[in-house]
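Me: I would like to learn how to read the features of a structure like this one, going residue by residue and then element by element. Could we start from a single residue and its surroundings?

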Amino acid sequence: MLNDLTKIQKKIVSVILISTLFNAVLIGLGPLMDIIATKALGAADWQLTLLVMIWPVTNFVSIWWGKILESSENKSIFYWIVAFFGRLIFVLGIWVMTMNQFLVLLAVSFSFNSLFIPLYNNLFQKHFDSKIRGKIFGLTISLSTLIVIIFSYIAGRILDSDENSFRIIMVFAGISGFLGTAILSTFKPEIKTKNHVKKFNFHRIFISPLSRTWETLKKNKDFRNFEINFTIYGFGFIMVLPSIPIYLIEHLEMTYTSSFIAKAIIAQIGLLLLSPLFGKIHGKWHPHYFTAISFLTFSMFPLTLYISTFTSADVAIILVFAAYFIYSFGMAGVNITWNISSIFFAGKEDSSMYQSIHVSATGIRGLLAPLLGLFIYRIFGVELVFLVSFLFIFTGSIMSYRSYLKRSRK
């Protein structure tokens, strides 16, 4: 694969891979957060719901970041902003004593991470064409996943010995994430776009991104359908997240280590082994078709969890491991299409705004889906949460396939 790259592209890939090594340590906190919240900080179910909501809700500000990026020809300074406020801020975790403090820290970090996603997406658009973009992105996912597995497992064992050690783990992850993001600022300004940099004012910063979002969705029907289908899937995925730690810890009484084996090791197998292959396939298939297959595979995850609720605890734990194995394959595809499909729909336009719209859309479902999941859990129980989650994701798959068929006929 690297033989097909120019010298400049090879250098860029090298920097990206080094960045991935450091950033992956911070990403490794992801599988630990809800378990830390439940066991170390004694989070209530409503706090777990807020924990799930923080990432997608803070992503809503991405459309404003996207508009700023779209109007900026030199984007390197923004990597420093993310490095300090989205990564190094985790050093403050050493003073976290309550769940509410934990939530505030994550809210700040995730708000700036919503800048990093379109920034990173634009990097791939500018420097790699569609033939190799998916393969390179898949390679970074595999490398990142390997580090996440190693870091999460070690952290899980440490937390089993002393659950209060999560503070030291957060400091280490924050410093590593800072280094991984700061190194990306070494890139020279990207190829200049046709957009002319204009002075910022209130309308341009706060109002223009909203009208730009509406304009983009209105004129690009294919992209609009993609976002609708992803929103349907997203409802199913996000609504189930608050119930999973409750189910694993309170219902099945799984330990830190066993929970992490399921969530941070088994759940990562597909991402580790298949991301480069799926990235290559994504470059050949239409995003609607690729997304339909990914959603269909992923829908088996909540369905398997639903089946596990009708079995004994021992069998249920085995089914949980099986569910996360399915999760790993489905998420390998979902992760690829979530991150780089917007480049396809952007065409020759700057993908920053397209990816920002895509990221911001998670804010809408992130605000409503966890509340729906919590309501169903409290009224009907965890079983129905898993079933409704399956129905949403399966519907997203059907809708994506319909979008593909409509486009094929045209």
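Reply: A contact here means heavy atoms within 4.5 Å, and, not counting residues up to four places away in sequence, Asp222 touches His286, His288, Phe345 and Arg407. This is a predicted model, in which local features need pLDDT of at least 70 and side-chain atom pairs count only at pLDDT 80 or more, while totals for chains, interfaces and linings use all residues. Residues are numbered from 1 along each chain as its sequence is written, and side-chain values use heavy atoms, with hydrogens and water left out.

Me: Is Asp222 buried or exposed, and in which helix is its place?

Reply: Buried means under 20% relative accessible area, exposed means over 50%, and partly exposed lies in between, with a 1.4 Å probe and protein chains only. Asp222 has 18% relative accessibility and therefore counts as buried; its place is in helix α10, where helices (H or I, at least four residues) and strands (E, at least two) are DSSP runs numbered from the N terminus. The C-alpha atoms of Asp222 and Ala43, which are 179 residues apart along the chain, are separated by 41 Å.

Me: How should I read the length of α10, and where does α10 bend?

Reply: The expected span of a helix is 1.5 Å times one less than its number of residues, so the 20 residues of α10 (residues 221-240) should span 28 Å, which agrees with the 29 Å between its end C-alpha atoms. The bend at a residue is the angle between axes fitted to the seven residues ending there and the seven starting there, and α10 bends by about 25 degrees at Gly234. Because 15 of its 20 residues are buried, α10 is largely enclosed by the rest of the structure.

Me: How many salt bridges does the structure hold?

Reply: Side chains of opposite charge can pair when their charged atoms come close. A salt bridge is a side-chain nitrogen of Lys or Arg within 4 Å of a carboxyl oxygen of Asp or Glu, and the structure holds 2 of them. In one, the side chains of Arg378 and Asp45 meet at 2.7 Å, N to O; this pair links distant parts of the chain, with Arg378 in helix α16 (residues 351-380) and Asp45 in helix α3 (residues 45-58), 333 residues apart. Asp45 has a relative accessible area of 21%, so it is partly exposed.

Me: Which side chains meet in a salt bridge at 3.2 Å?

Reply: Those of Lys219 and Glu349 meet at that distance, N to O. Since Lys219 lies in helix α9 (residues 202-219) and Glu349 in the loop between α15 (313-346) and α16, the pair ties together parts that are 130 residues apart in sequence. Glu349, at 26% relative accessibility, counts as partly exposed.

Me: What is the phi of Glu253, and where is its place?

Reply: Most residues other than glycine have a negative phi. Glu253 is not a glycine, although it has a positive phi of about 55 degrees, and its place is in the loop between α11 (243-251) and α12 (256-265). At 64% relative accessibility, Glu253 counts as exposed.

Me: What is in contact with Asn121?

Reply: Leaving aside neighbours within four places in sequence, Asn121 is in contact with Asn339, Ile340, Ser342, Ile343, Ser351 and Gln355. Asn121 lies in helix α6 (residues 99-127) and is buried, with a relative accessible area of 4%.
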